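This report describes selected local features of one protein model with its ligand. Please consult the sequence and structure shown below while reading.

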Amino acid sequence: MSEESPKQDRAPTEGMGLFDTIVNLAKRRGFIFPSAEIYGGIRSTYDYGPLGALMLRNVRDAWWRAVVRERDDVVPIEAAIITNPKVWEASGHLETFVDPLVDCRSCHERWRADQIDGACPNCGSADLTEARPFNLMFKTFVGPVEDESAVAYLRPETAQGMFVNFLNVMTTMRRKPPFGIAQLGRGFRNEITPGNFVFRTREFEMMEMEYFVPPAEAASWFEYWCTERLDWYERYGVPKVMLRLRQHEESELSHYSAGTADVEFLYPWGWGELEGIANRTDFDLRSHSEHSGTKLEYFDQTSGEHYMPYVIEPAAGLTRTMMAMLLAAYDTDVVAGEDRTVLRLHPRIAPYSVAVLPLSKKETLTPLAKKILRTLQRRFVCDYDETQAIGRRYRRQDEIGTPLCVTVDFDSLEDGAVTVRDRDSTEQVRVPIGQLPGTIAERLEAELDR
Ligand code: GAP
């Protein structure tokens, strides 16, 4: 939660036991459910429950705040998920967005050849088919006729929406490089081996930004965005020891990239990608110019030169980030001689900022507690809970990461004050009701300005 938080010193990983615990907590507390569970689910597909929906929204907002709202050089768009298939021809996805697929002749499982060691991870057989290219794009048909002319694809990345709208955005918003176009939205990939909970799924949400720059400035903007994005995860509570930046080897680079660095997170199974930052050069604008016949260039009036900007792209996975933040936040300690589980989520990321808890369900307390709730709801996302003993309700709020609890007790009716309890320290202070919104805002905002 803060630099001083005990969480920062915790060992970076406690193995797959932690992972199972998080998967279990996510289901039990309403963050993430197996999709269509009553029908037996569907492999590696998940639905986000009430707390998951709130948390995803907070991660989205945190990204939006850093990449769009607090900048004057980035504008947002929302492009179509199913678009003209020529986009995917020009982007190279039709030809190169493929993984090598092998079948095990013994147990008939399918694997990505580059992710296994020549033997089937399921049954150990080395009797595998030759690897064949498998395109990861989901294919569909637009309109009622299912023939070749109606074939379309669900977007495998949001990035192309920014490239094909480059001219529209630049002219309508009167922009000149360097400037960025940002987009949040679902992406779809028919992954051969989805897995590790929401780490790799076939439908997921991405947070992408294409930053258009003069070619000569590409290298320095690449460095700039690597630092910015690494800092963002730390700012929102992922400890430094669980993050690193890894430059891609030449052989790993995507077909469009002149340089890529991954922000990696220390998952329970080891280091893995959280976000990729790529120097896409002018690959996309050039290719779309050639395929569409529309020149996607900037005219620099000062030098009288037309040029095609280079693109620096920070591309993050929203759902994967949510999982990493849950893993990083999980902690246990002992409070008043009792074990407790606590999610030390950043206050801006936690599903609820505040829980309002009347000490008892007595009619005398409810009107005041509800009045306080209504006031706080205007500014903060609040939970309200009046069932069970107060200690159990605190534990529940700790386990879902709520930073502050406001307890309304019988004294509140007399002294016009309530108790504010801090999730991390469990410290309780008495605050006059009139000062409550200001006190809470101060406590939550302090985390942002550190
Ligand atoms: N436009 C660039 C691009 O799409 P990417 O590295 O393929 O880059 C960006 O994807 C981010 O999306 C990844 O860093 C990861 O966080 C997330 N991501 C990619 N595939 C995913 C999947 N199958 N399930 C969940 N998240 C995924």
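How far from a nitrogen atom of the ligand does a polar side-chain atom of glutamate 208 lie? The separation for glutamate 208 is 2.4 Å. The model is a predicted one, in which local features need pLDDT of at least 70 and side-chain atom pairs count only at pLDDT 80 or more, while totals for chains, interfaces and linings use all residues. Residues are numbered from 1 along each chain as its sequence is written, and side-chain values use heavy atoms, with hydrogens and water left out.

| Residue | Protein atom | Distance to a ligand nitrogen atom |
|---|---|---|
| Glutamate 157 | polar side-chain atom | 2.6 Å |
| Threonine 201 | backbone N or O atom | 2.8 Å |
| Glutamate 208 | polar side-chain atom | 2.4 Å |

The protein buries 91% of the 560 Å² that the ligand exposes when taken alone (accessible areas by the Shrake-Rupley method with a 1.4 Å probe). Around the ligand there are 21 residues, of which Glu157, Arg189, Thr201, Glu208 and Glu273 come nearest; a residue counts if one of its heavy atoms lies within 4 Å.

Elsewhere, helix H2 (residues 50–69) packs with helix H9 (residues 318–329) at an angle of about 105°, their axes being 10 Å apart. Helices are DSSP runs of at least four residues, and strands of at least two; axes are lines fitted to C-alpha atoms over the stretch in contact, with angles from 0 to 180 degrees between N-to-C directions. H2 and H9 are therefore roughly perpendicular to each other, a term covering 65 to 115 degrees.

Two loops complete the account. Proline 177 and proline 178 are joined by a cis peptide bond, with omega about 0°; proline 178 belongs to the loop between helix H6 (166–172) and strand E9 (179–188). Alanine 36, a residue other than glycine, has a positive phi near 50° and is placed in the loop between strand E1 (32–34) and strand E2 (46–48).

Conventions: Parallel < 35°, antiparallel > 145°, perpendicular 65-115°, else oblique. Polar contact = N/O pair within 3.5 Å; in protein donor to acceptor, adjacent residues only side chain to side chain.
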